[in-house]
Amino acid sequence: MSRNILIVDDEEDVQAIAKLGLEMGAGWNVLTASSGQEALHVAANRQPDVILLDMMMPDMDGRATLQQLKANPATKTIPVILLTAKVQESDRESFTYLDVAAVFAKPFRPLKLAEQISEALGWG
């Protein structure tokens, strides 16, 4: 089954690698956004099956973007997976209280990404 995935990351390289991995690895349709503001717009209009959200972005970071996604009735039920380079124990604890499906560490393996997403969301 083809899924729609929204990748939100301010780094074009990360977007491109993830997009390639998901398209080649699973045949999924990949949408991209380079900022939190753009992500809010794309998510509301395109209703992706899941959002991969970078935590470290200029202007509106991942946490602020997540809060706005969850506050909007049009996007609050879309599962969100955080992408972060910060995976120390102290950082993980701060993610515990966020309404996210999973937290993936950067760098990730592009060809394993679809499998990780499916596993995190219980997609068979």
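## Gln47 and its loop

Gln47 sits in the loop between helix H2 (36-46) and strand E3 (50-54); helices (H or I, at least four residues) and strands (E, at least two) are DSSP runs, numbered from the N terminus. This is a predicted model, where local features need pLDDT of at least 70, side-chain atom pairs count only at pLDDT 80 or more, and totals for chains, interfaces and linings use all residues. Residues are numbered from 1 along each chain as its sequence is written, and side-chain values use heavy atoms, with hydrogens and water left out.

Gln47 has a positive phi, near 50°, and isn't a glycine. Most residues other than glycine have a negative phi. With 38% relative accessibility, Gln47 is partly exposed (buried is under 20% relative accessible area, exposed over 50%, partly exposed in between, with a 1.4 Å probe and protein chains only).

## Asp59

Asp59 also isn't a glycine, and has a positive phi of about 65°. Look for Asp59 in the loop between E3 and helix H3 (62-71). Asp59 counts as exposed because its relative accessibility is 87%.

## A cis bond at Pro107

Going from Lys106 to Pro107, the peptide bond is cis, with omega near -5°. Most peptide bonds are trans. Pro107 belongs to the loop between strand E5 (102-105) and helix H5 (113-121).

## Leu20 and a nonpolar patch

Leu20 lies in helix H1 (residues 12-26) and is partly exposed, at 48% relative accessible area. Together with Met24 and Leu111, Leu20 makes a nonpolar surface patch of about 350 Å². Accessible areas come from the Shrake-Rupley method with a 1.4 Å probe, and for residues only the protein chains shown count as cover.

Key:
Patches are made of residues with over 30% relative accessible area and no salt bridge: like charges are joined within 9 Å, nonpolar side chains (Val, Leu, Ile, Met, Phe, Trp, Tyr) within 5 Å. A salt bridge is a side-chain nitrogen of Lys or Arg within 4 Å of a carboxyl oxygen of Asp or Glu.
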